[in-house]
Amino acid sequence: MAEAVDYKQIGTTPVRPDGFDKVTGRAQFGADVNLPNMIHGKVLRSPHAHARINSVDVSAALAMPGVYAAISAVDFPGGRMEGESDVSVDDVAQNVMARSKVLYHGHAVAAVAASTQRLAEQALQAIKVDYEVLEPVLDLVAAMDPAATLVNENNYTALAERPEQPSNIADVERLERGNLEEGFLAADVVVEREYKCPMAHQGYIEPHACVASIDERGRGTVWCSTQGHFQHRASTASMLGKNMADLKFVATEIGGGFGGKTVVYLEPLATLLSEKSGRPVKMAMSREEVFRATGPSSATVARVKVGLRKDGTITAAQSWIAFEAGAFAGSPHKPGAMCIYAPYDIENFLVETFDVLVNKPKVAAYRAPGAPQAMHAFECALDEAAQLLDMDPLDLRLVNAAEEGTRAPYGPKFPPIGFKACLQAAKAHPNYSKPVPAGAGRGVAVGFWFNAGMQSSAEVNINENGSVMIIEGSPDIGGSRASMCLMAAETLGVDYDDVRAQVGDTESTGFCNVTGGSRTTFATGMAVTQACEAVIADCKRRAAMTWGVDEDQVEWEDGQAIPGPGVNADVKPLTLAELARKAGRTGGPITARASLNAQGAGASFSVNFADLRVDRETGKVDVLSFTAIQDAGKAIHPAYVEGQIQGGAVQGIGWALNEEYIFDDNGVLENAGFLDYRIPVASDLPMIDTEIVEVANPSHPFGVRGVGETPIVAPLAVCANAVSRSLDMRITELPMSPPRLLDAIEG
Amino acid sequence: MVRVVLSNPMLAVTGTAKELDVVAANFRQLTLALIEQWPPLAELIDSSAVAIDGQIYQDAFAEPLQEQSEVFFMPRIEGG
């Protein structure tokens, strides 16, 4: 257990090691890589949301002076997926380059590489594609009708017995417990409504970008903006029929990902174009391409029914949720099903979720995938129930709150969790005691995410002067290099300023799963800690050799080997620097590595509340205050944890109030840019107040729980509940944009 | 006896009750016993996460089990 430990480094907030390079522009992002003789790649994208491809002819483009390569589906061998994802390679490969059909507006159908970007764009216009336009499938619920047009004629719902007919439903999930009928009969109050969440983009600032340099043997290097360069290497190699050992992937600095950079889009294209042209190829998406062709979150339709006794006890809950998968299967409907009731101890429940194909971009992970949409629905229903019961919404949640030993809806009993501690912190927070401003409404909701462990590797090298170099393979999105340095400094007993961390490429360090699932500080941090412990063991051995004593007579304290019981009192401690200087005499360089598959990721809960006011004349919503409380287990770098909480809150506020994909009747996205797809900016927001609760995760050496996913979960319902209370009417469809609210106000 | 709770896709294969009791000293023995009885479970087990006594494992293999252990098969968890 890590509770009540007096750490020297952990819990401090040093300046981020990558900060100077980022604010001065020196940091190299994906599009900043430039190589001699480099040319530029561009993608031809479908003008139709659903069409059969009769032919693609790139010959005219290839004949243009300055055009070095052109590719389409026929240039891809396909193959089996070798990476970590369970998304089938056929889908991922077809998403990178359309095969027999285009399945959404913006789907890639060909690509070229030319001496300039302008020439590459001109060459795209010379490519001839013969389409047979098909009816697009755009409405989520209508797509589930057995008679609906099929996005994929070979899609059969993944049931144990294959259905006789294909459909647009790719998968279903069902979790249940107890007796619903009895549960609802025992209820004094029942709330039943339908809720909708829109498709929303992760909104990372840096568009996808990469540079590939492949030699005449088909071997080479790809620099890319990615959350997981090992995964990108595996996908690219598999898609192109290559041995992954022939490709080195380098993760550049990354300008945001939030789940959207866990899958490949450009990298296989650039690799193939480079191999065909014999030159390095740079590819960078425009913002419009990012919107049209990369994975957003799922839109959802959720039907929720919940029954409660007068004292607030939930007697039964029933939910039906359809998730848009986009053009290929793989929406986060299963985690949505597992999350929706997770904060509560409910005796009788049922949740059914559906993975539904539509002719829209294939969805990708977005912070706590599936949880925000599912929990939005249930948390809104609970808020309405609290109003009907005239109960404080935090009290209602405290009555039902899960705690250690509660059986989670997905099966196992919870180990120590901090949900009740978060609820109690919210009740005690001074912002909660303040009166609700005139005309405003106060919304309350909670969030949950499982968090993940998975595989990580790390190496720790002690430099000749005793300073410490960490090499690990998790791209740093949210400040993980600083967290790794803090954990290493704490373990070794040295100063933070003496520790550096570097994200190694796929040839420089052992395998790491993607930076996602809030796993990096937890899992890669465990690998770093284990490697540091191995360094300490080695240093104690070297000190014992130097002093002529047994290893078990040496102890390690404050970055130095000290003589233990039974050692001559005249023996002076040996610092890490002294041991490093004499390493040549005691066995050579001091270095250690650790690889693991981390288990025991601790679930993270949050409680948010906020005051929002609606201008009844314009429909504009002002966020007057927002308070986010979350259990971090142990905050390694509290400022980064606070940043994660604030960032997630802001993304959730954007999803709740303004962000949505708007398609026309032909499936063309009408707002593919930040002018029309409105994410929150600083002037839209108050300071997001945060409070970090620390209920240690007993499975981590420092008690860490992942923190990056959970913060986005609660804000959707927080905003909806605040607006609903402000208007004294239930708003059930997001985003609560001015036109939608004006429609609601005007009836 | 270890209490095993199957996922819904597994239930469709076994046609049994959701909960089973299996004699096994570790997770490897448990999965081999299940696969011996229902060979199609192999693929589903391989693609599932599992919770053993409350601890979620994405890739369990030979984790020890106690006489009263609870083993839940569940979907794998990824994230953003």
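**Rings and charges**

Start with a charge. The charged end of A:Lys305 lies over the ring of A:Phe184, 4.3 Å from the ring centre. By that I mean NZ of Lys or CZ of Arg within 6 Å of the ring centre and within 35 degrees of the ring normal. A:Arg303 sits over the face of A:Trp320, at 4.1 Å from the ring centre.

A word on the source. This is a predicted model, where local features need pLDDT of at least 70 and side-chain atom pairs count only at pLDDT 80 or more, while totals for chains, interfaces and linings use all residues. Side-chain values use heavy atoms, without hydrogens and water; residues are numbered from 1 along each chain as its sequence is written, with chains lettered from A and ligands numbered from 1 in the order in which they are written.

Now ring on ring. Over all chains there are 24 aromatic pairs. Rings of Phe, Tyr and Trp (its six-membered ring) pair if their centres lie within 6.5 Å; planes under 30 degrees apart are stacked, over 60 edge-to-face, the rest tilted.

Take A:Tyr7 and A:Phe702. Their centres are 5.5 Å apart and their planes at 80°, so this pair is edge-to-face. A:Tyr7 is buried at 14% relative accessibility, and A:Phe702 is buried at 8%. Buried means under 20% relative accessible area, exposed over 50%, partly exposed in between (1.4 Å probe, protein chains only).

Chain B next. B:Phe27 and B:Phe73 have ring centres 6.0 Å apart and planes at 40°, so they are tilted. Both B:Phe27 and B:Phe73 are buried.
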